[in-house]
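I opened this model to look up its sheet and its pockets. My notes follow in the order I checked things.

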Amino acid sequence: VLDGFVMIRGTEIMALNVRDEKRGRHYAEALVVKCIQHLRKQFKDVELICVDKNIPAYNLYLKLGFNPVGKICCYKKVY
């Protein structure tokens, strides 16, 4: 059973997900910390994208020392 995963491309943490029933148990924090340790061996900066409505993720990234550097807009057209 997969409890969570992370996708990395270059210096960017592209995706992070933890199984619903495992949330609130610090799995996401452990995954991000491990990614930072891995990426810091090769890169000076680590980047990620978080939608502003994902408050738990936003708070986690602030706790881990990430600083917001801009806003990203996503667009969708429903047919």
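**Pockets and sheet**

I began with the lining of the largest pocket, to which β3 and α2 (55-63) each supply at least two residues. The model is a predicted one. Of these contributors I noted α2, which gives the most to that lining, with three residues. I read the volume of the largest pocket as about 870 Å³. I counted 25 lining residues there, and those nearest the centre are L48, I49, C50, P68 and G70. By class, I found 16 nonpolar, three polar and six charged residues in this lining.

Next I went to the second largest pocket, with a volume of about 570 Å³. Its lining has 25 residues, and L16, A28, P56, A57 and L60 lie nearest its centre. I found that β2, α1 and α2 each give two or more residues to this lining. Here β2 gives the most, with seven residues. I sorted the lining of the second largest pocket into 15 nonpolar, four polar and six charged residues.

I then turned to the sheet. I found an open sheet of three strands in the order β1-β2-β3, with mixed pairing. The edge strands are β1 (4-9) and β3 (47-48), each of which pairs on one side only. I followed β1 against β2 (residues 12-18) and found antiparallel pairing over six bridges. For I8, I noted I13 in β2 as the bridge partner.

Last, I checked helix α1 (residues 27-39), which lies across β1 and β2 and runs at about 155° to β2.

Definitions and conventions:
Residues numbered from 1 in each chain as written. Predicted model: local features only at pLDDT ≥ 70, side-chain atom pairs only at ≥ 80, totals over all residues. Heavy atoms only, no water. Pairing = 2+ DSSP bridges. Helix = DSSP H or I, 4+ residues; strand = E, 2+ residues; numbered from the N terminus. Contact = heavy atoms within 4.5 Å. Axes fitted to C-alpha atoms, helices over the stretch in contact; angles between N-to-C directions. 1 Å grid on protein atoms, 1.4 Å probe; cavity = no way out; pocket = protein on both sides within 12 Å on 5 of 7 lines; lining within 4 Å. Points joined across faces, edges and corners; volume = space filled by probe spheres on them. Nonpolar A, V, L, I, M, F, W, Y, C, P; charged D, E, K, R; others polar.
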